[in-house]
Amino acid sequence: AKYTLFGHSAGGQLAHRFAAFMGRRGRALKTDLVVAANSGFYTMPTRKAVFPYGFGGCEEAFSDADIAAFLQVPLMVLLGTADTDPNHKLLNRSPEAMLQGEHRMSRGLRFLEEGRAAAA
């Protein structure tokens, strides 16, 4: 049986990372859709950033084929148009997170952009 996995905020981080971890080594995901809503930051489909901000430093855990498989997972990213506060008290402001964007909206858009580019 297939299922849909939905996560909001930190749950969105969990949902999209679940798709990356569970789809490794040729395992088929049993999800028909993964939904990540308003995540605070993302695991970008690149080795340029270290985990959890990307797949850098995870070469033993994630092969290039694993990252390619992650890019094939049916993934919906939901973003709130008003989720643009760069000073929100719960927003991760680490240097690694700030490289993704100044707020949740810009980070989500960047994740989509990088995912599309990497999948092309």
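## Helix α1 and its surroundings

Helix α1, covering residues 10-22, has 13 residues and reaches 18 Å from its first C-alpha to its last, close to the 18 Å expected at 1.5 Å a residue; helices (H or I, at least four residues) and strands (E, at least two) are DSSP runs numbered from the N terminus, and the expected span is 1.5 Å times one less than the number of residues in the helix. This is a predicted model, in which local features need pLDDT of at least 70 and side-chain atom pairs count only at pLDDT 80 or more, while totals for chains, interfaces and linings use all residues. Residues are numbered from 1 along each chain as its sequence is written, and side-chain values use heavy atoms, with hydrogens and water left out.

Among the buried residues of α1 are Gly 12, Ala 15, His 16 and Arg 17, where buried means under 20% relative accessible area, exposed over 50%, and partly exposed in between, with a 1.4 Å probe and protein chains only. The buried residues of α1 pack against several elements, including β1 (3-8), β2 (31-37) and α4 (104-119), with contact meaning heavy atoms within 4.5 Å.

## Strands β1 and β2

Strands β1 and β2 run parallel and are joined by six bridges, two strands being paired if DSSP finds at least two bridges between them. One of the residues involved is Tyr 3, whose bridge partner in β2 is Thr 31. Strand β2 is mostly covered, since five of its seven residues are buried.

## Salt bridges

The structure holds five salt bridges, each being a side-chain nitrogen of Lys or Arg within 4 Å of a carboxyl oxygen of Asp or Glu. In one of them, the side chains of Arg 25 and Asp 66 meet at 2.2 Å, N to O. Arg 25 lies in the loop between α1 and β2 and Asp 66 in helix α2, so this pair ties together parts that are 41 residues apart in sequence. Arg 25 is partly exposed, with a relative accessible area of 48%, whereas Asp 66 is buried, with a value of 4%.

Another salt bridge joins Glu 114 and Arg 110, whose closest N and O atoms are 2.8 Å apart. Glu 114 and Arg 110 are four residues apart in helix α4, which means that about one helical turn separates them. Glu 114 is buried, with a relative accessible area of 19%, while Arg 110 is partly exposed at 31%.
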